[in-house]
Each structure stands twice: as structure tokens, then as C-alpha cells.
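Please consult the sequence and the coordinates alongside the text.

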Amino acid sequence: MLPFAGSGARRGRRQQAETTPVNDHAETTTTDAAERKDYGFQADVARLLELMTHSVYSERDIFLRELVSNAADAIEKLRFEAVANEALAAQAGAPLVAIAIDKDARTLSVTDNGVGMSREELVGALGTIASSGTRAFLDDLATKNGADKGGSLIGRFGVGFYSAFMVADRIEAATRRAGSSEAFLWTSEGKGSFQIEPLPLDAAPAVGTRVTLHLNSESDEFLEPYRIEQILREHSGAIAIPIDLVEEKGKEPRRLTDGQALWTRPKSEVSEEDYKDFYQQISGQFDEPALTIHWRAEGRTEYTVLAFVPGSRPYDLFDPERKSRSKLYVRRVLISRDADLLPAWLRFVRIVVDSADLPLNVSREMVQNNPIIGAIRKAVGARVLKELADLSANDKEKFASVWKNFGAVIKEGLHEDPTRRDEIFAIARFATAQHSDGGRSLKDYVENLRPNQTAIYYIAGDDKKRLAASPQLEGYRAKGIDVLLLDDPVDSFWVTSAVGFDGKPFKSVTQGAADIDAVPTPEGSADTPPAEASAEVALLTAMLKETLADNIEDVRVSTRLRESPACLVAADHGFDLQLARMLAESGNRGVFGKPVLEINPRHEAVLALARKAKADRTSAEDGFWLLFDTARIADGEAPLDAAAFARRVTALLAKD
Ligand code: ADP
Ligand code: MG
């Protein structure tokens, strides 16, 4: 059996971290080197601890949520290991997290009967940065100028174990690894180093970990039972492990939560609040879910799904190393915390699946290739899309925010999962030249086609504002034709692979000649398309072609321009400009055709240039290049030769 999903790989990475004994003295003078050792924290941890101990945070109480979630994780890990190891199973006992207050000693402790830690694991886990949330917190702080030194950030990221140093000036972790006959005590004052020493077995939990906080002088509130209970209800209410509270030394424990897994309860018995708590626990995010989906599949395979669409964008949505945080349980035993339960284009969904049909000892490879998991993944994808479609119909505002956060990811499915294309098209929303709010559906678009309009027109790029102002759009706008403004990188890919929508092909307005002559000018508009080119303009066209030959495919008189003198479009066949640009940026140089320069035969600048070229071609050459470069600039590109461009513009300015 493979190591517990997620933690195994991470622990391996952590062991190589730069945690080294700093106090050689302690090591060499102690009679037994294995006795007590001093270790230096990894540099990032030291920096984090500095922040924890010296900054004032408004959300200090999140430390308890972090300790309880570590305790619950440890219990789930042991449950998992015990599946394959009877000796461990015998040791495991009934899962329990016990919190104890000792007013006289000014301590608060959190004890679990989970998997515990060996000496090596202690060094790795409580000496380096373990959680991705902690890492993100540090990164985020680094980009801020310190004004909001984490004030409201800390709760959002979940800073893990080290957050306890906000309330404690000394922390001890007494721990015994399941299956081991040794116990250890980890101690630190959060000032750059920590100590580990062996612990007599009777001073350690029989199995698991006891974390004891020696509360600092500002933390009296955490010695009050009502306060602890309040924090737990607020942050850890839906945890799937029972939690006891010992209110005072020597008192009987009182059960605070029964630890019944939330997803096993009927929907009608679960409150919004419970769902929210649970979502926050599994996602490590502290917003409200935008959508909660909870159902039990019965029939050939039986499983329960609890899925959440987050209310805001996770900070690591586009991080390629990002773990899915999908939890797979088999009859309440956590098998994997990053199982592949969702298609990649739904990776923002937080999900728990509990299957009754998988074997408990299912390995990671088996999870990936298991037909039951395959069926679950399919069902979940369909269900989430259906719920999103319902939301788009019933709560437009909420749906708009979901689409704003995750539309760019969902659209990856148009490219990657053609079988879902129609369902995704049904919920996709776009900004268009006529509707810049981003709420246009394709259905709206095709219902409002102009007479003789045969395609769904789009323009792709990376800046919606610039797209809306593109010269290529002018003729379409004049004819009352709407154009999709596609500004997500993924758009360029799906739009070329999708055959169309409702029988209408997608067509780029920056590729090929504009085919809008047959579309009538809207009533009341004085627009007329550009007329035949004059002899002078025809001559200019030929000269431009000669001068710019290395950089363009052709020069032609445009039917799509109105206000601008020139624009660039892609040749009829091959890649659209934006896609070519993106492919070129990713290193595919030279394989793309050159663009076509279209000129506006009625534009003053073009007419003036044509006259000049006829009279004296040499003096007009600078103007040829300027026409070309301004067309590039309108597409968001740099002039071909910036120095030459600057020289030409300067010369132009110097003229009377
Ligand atoms: P995270 O929980 O995101 O990994 P933390 O900073 O909360 O990050 O915890 C760091 C690591 O310390 C955990 O991954 C785990 O390996 C270990 N750890 C913390 N608390 C316990 C515990 N009660 N029992 C066993 N291991 C623990
Ligand atoms: Mg944690």
C-alpha cells in the first residue's frame, strides 16, 4: 500500500529541508547524543514566527481551528494506516480530540489519538513550512507593503501549526508515533529554534499527540471554557471526529460535538451554517460557498457526494502544482485528500466523495484507473454543470460572480472535454462589443443575429478594453453586428476547435476578408462601406506591398475599417492573429504566416499619404512604416523597430 496520499510526498520533501542542528555544543556535551537536541527552524519558519509573535492580528482565535484540524488529520491518517496493519488497528481506539484547560498552569492543550510523529517526522513537520496555505500567506505578505500586516489575511490562509505562537510563548508537543515504542517532546519558544528530547512513555499519550500551549499574557480569554466552546462551534463544528472539552483540571470531559460526518446526514438535517463550516474546513478558504451540492447516488454503485463551488477564487487556481483537495473516503475512512474526482476544468470545486463500493485498501494507482471512480467523476461533472445551469437561470447575480471567478477555468472544458461542450456553452457568458458587462450568452447572441449574418464573430486578445476599441471591429459595429470579446488565454484554443454553436460557425474578425457586405446597414444609420479605391490609393497599395514585403503577406483595401486608417488581419487560412501571437510567445517561432495590411481608402491620412507617395515616393516611405506600426500598436503590439519608429514620429512632429 502506498503512503497516505499527499503527506508522504510532502514529508519526503520536508526531510531535505534546511533544518539542521544548530547547537553542536548541546550535541557533543550530552552524554547520549540521542537525548536532547537543538534544531534551528528553516529560514521561512523563523520569518513566520517573527510575524506571529510581533504582529497584532485580529483573528488570533484561528489557532484552535488549526490545531483541531491537525488532530483530526492525524486521526484520519491512523485510521488509514490501520486498514492494512492489525497491530495499529488494535492501538487506534475510538477517535477522539480532547481539549483541556488548566487555569493555574495557564495552559491549553489539544490531544488526539492519531498517528503521532517520530523524531524525524517532528523535525520535518514542525521545523519547516508544511502547509501550502502558510506558504501563500508568506508570499502574499511579501507583496504587500506591510500596511495590513496580515490583519485579515491570516484567517483566510490558515497559517497552520505556527499560528499557535500568536497566543502562546511556549509550545510543547508530546507525541508517540503509532506502532513505535518511543515518545518525544518537541518544545519551542518560537524564537528561531526548537528542542526535541525523548519522553518517558507514561508522560506521552498512548498513541497520538498532545500539543500544550503556555498562553501568553494577552491570551487569558482562551482559559475560559465558554470562549473555547464558542470558537469550536464557529470554526470546527462540522469536524468528523468527536471533540471533548475538559473545562478545568480534574473535571470530567464534556462532549462538544459528536463528530458524525456531515455528508452522512440527510440534507434536511444539515443547516447552511454547518455546510459553510465544513466547506471552510475542507477548502482551507474562509469565504462562503457560492453553491453547495449534496447528494447520495444509489443503484449500481453507491456513494455520497458533497461538493462546493467556492465564493471566491482560490489563490492557487492556476498553479500547475496545485493539489485538488478532493477527499475520497471509503466508508468513512479517508483514502486520499487529493483524489482525481473532478475533470481539470472543474478543479475549483471542493469535494468529498464517500464510496461504499471501493475496497478499503485501494491504492493510489487503483484510484486513478478505477471504473467506479471514473463513473463518479463523470456523474459529478454532469451534476455540477446542471446545478450551475440552474443557478444561471434562478440567480443571475450569483451566477455572474461564479462565472467571473471560474469561467476561465470552465471554458478549458470546451477544449478538453468536447462531450460536455453543449452544456458548457449553455452556461458560458461573454462580454461583447455591444454588451461589455460580460453577461451575454451564446443563445442571446444568435437570437440577435443581423439579417444575412452567417457567423458568430469574435475577437481574441488579452485586454478587453483594447479589444473593444480595435479597428477591426469598426465595420461590424457600423452594421450593427455584435462581436464576442474573448480575453481569456483559453479562448483562442476552444474557439478554433469548436465547430460552432446552433449551426453558426465561430469566425474571427481579425482573420480573412470581412464577409459582411450582405448584412444591411441598420435603419437610420448613414453608414456606407468604403468605396472603390482611387487610382492614387491603388498606387499606394502597390508601393506599401513593396516596402513592407518582408513583414506582410499582402495589402488590400478594407471593407471593415471606418474610423481608423489601417489594421492588420490574419491571412484567410492558418492561425488567427491572437493564437499565432500566443503560440509564438510560447516559443513556436516562425511557423506562422505574415499578416495582411488592410487600409481604409477614404481615410484622410491614407489619402494624404497616397498623394505624397505619388509625388515623391522616397519622402513617403516613413509614412508607410508609420501606417504599419500604428496598426501593430492598435493590436497591442510594439512597433517593429522601436528606435526607427521614434525617429519617424519625431521627424513628423518637427514638421510645421
Ligand atoms: P498542514 O496541516 O497544512 O500540513 P500545519 O502547519 O498545520 O500544516 O502542520 C504541519 C505538519 O505537522 C502536519 O502536516 C503534520 O505532519 C504535523 N502535525 C501537526 N499536528 C499534528 C498532530 N496533532 N499529529 C500528527 N502530526 C501533526
Ligand atoms: Mg494543519
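How many helices and strands are there in the chain? The chain has 24 helices and 21 strands, these being DSSP runs numbered from the N terminus (helices H or I, at least four residues; strands E, at least two). The model is predicted, so that local features need pLDDT of at least 70 and side-chain atom pairs count only at pLDDT 80 or more, while totals for chains, interfaces and linings use all residues. Residues are numbered from 1 along each chain as its sequence is written, chains are lettered from A and ligands numbered from 1 in the order in which they are written, and side-chain values use heavy atoms, with hydrogens and water left out.

The C-alpha trace spans about 100 × 60 × 40 Å along its principal axes. Of the 656 residues, 53% are buried, that is, under 20% relative accessible area with a 1.4 Å probe and protein chains only. Among contacts (heavy atoms within 4.5 Å) with a separation of 6 or more, 72% are between residues 24 or more positions apart. The accessible surface, from the Shrake-Rupley method with a 1.4 Å probe, comes to about 29,600 Å², and carbon and sulfur atoms contribute 50% of that area.

The structure holds 21 aromatic pairs, meaning rings of Phe, Tyr or Trp (its six-membered ring) with centres within 6.5 Å; planes under 30 degrees apart count as stacked, over 60 as edge-to-face and the rest as tilted. Phe63 and Phe222 form an edge-to-face pair, with 5.0 Å centre to centre and 75° between the planes. This pair links distant parts of the chain, 159 residues apart: Phe63 belongs to helix H4 (residues 62–83), and Phe222 to the loop between strand S7 (208–215) and helix H9 (225–236). Both Phe63 and Phe222 are buried.

Because Phe161 lies in the loop between helix H8 (153–157) and strand S4 (168–176) and Trp186 in strand S5 (residues 183–188), the pair ties together parts that are 25 residues apart in sequence. Phe161 is buried, with a relative accessible area of 9%, and Trp186 is buried at 0%. Phe161 and Trp186 also belong to one aromatic cluster with Tyr39, Phe41, Tyr162 and Phe194.

Charged groups also meet aromatic rings. The charged end of Arg65 sits over the ring of Phe286, 3.5 Å from its centre; the criterion is NZ of Lys or CZ of Arg within 6 Å of the ring centre and within 35 degrees of the ring normal. The charged end of Arg383 likewise sits over the ring of Trp295, 4.6 Å from its centre.

Conventions:
Buried means under 20% relative accessible area, exposed over 50%, partly exposed in between (1.4 Å probe, protein chains only).
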